[in-house]
Amino acid sequence: SDSGRVADGIRLLEKAPRPRSQPKLYHLRMWYVLGDLYDRGGDLGKARTTFERVALHDPELADVLDRIDALR
């Protein structure tokens with residue numbers, strides 16, 4: 001996203017495999033980045049939903065709860 005290619009980043013991360021059971025930390029981090037990209041790209045609904053999915057599994061990951069609050 002720093003190079004202005006937010007849409008490319010979103011497409012890349014949307015194609016990433018989903019966990020079949022309990023997500024691992026790397027899944028949560030990937031979802032967090034995807035939520036950030038949605039936010040930067042202006043899709044606030046998808047950003048909020050993605051951050052909420054992260055918080056469901058680890059509410060202490062980075063500033064995920066603050067990000068959700070900012071999107072309300």
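Predicted model: local features only at pLDDT ≥ 70, side-chain atom pairs only at ≥ 80, totals over all residues.
Reader: What makes Leu13 and Trp31 part of the lining of the largest cavity?
Author: A cavity is a set of points on a 1 Å grid over the protein atoms alone where a 1.4 Å probe fits but cannot get out, and lining residues have an atom within 4 Å of a point. Leu13, Ala16, Pro17, Arg18, Met30, Trp31 and Leu34 line the largest cavity. H2 gives the most, 3 residues.

Reader: Which residues have the most contacts inside the largest nonpolar core?
Author: They are Ile10, Tyr32, Phe51, Val54 and Val64, in a core of 19 residues. Such a core joins buried nonpolar residues (under 20% relative accessible area, 1.4 Å probe, protein chains only) through side-chain atoms within 4.5 Å. H2 supplies the largest share, 7 residues. Tyrosine 32 is in contact (heavy atoms within 4.5 Å) with residues including Phe51, Val54 and Val64, leaving aside neighbours within four places in sequence.

Reader: Why are the buried residues of H3 said to line one face?
Author: The buried residues of H3 are Ala47, Thr50, Phe51, Val54 and Ala55. Seen down the helix axis, they fall within an arc of 140°, so they line one face. Their cover includes H2 and H4.

Definitions and conventions: Residues numbered from 1 in each chain as written. Heavy atoms only, no water. Buried < 20%, exposed > 50% of the residue type's maximum accessible area, 1.4 Å probe, protein only. Helix = DSSP H or I, 4+ residues; strand = E, 2+ residues; numbered from the N terminus. Arc of directions from axis to C-beta. 1 Å grid on protein atoms, 1.4 Å probe; cavity = no way out; pocket = protein on both sides within 12 Å on 5 of 7 lines; lining within 4 Å.
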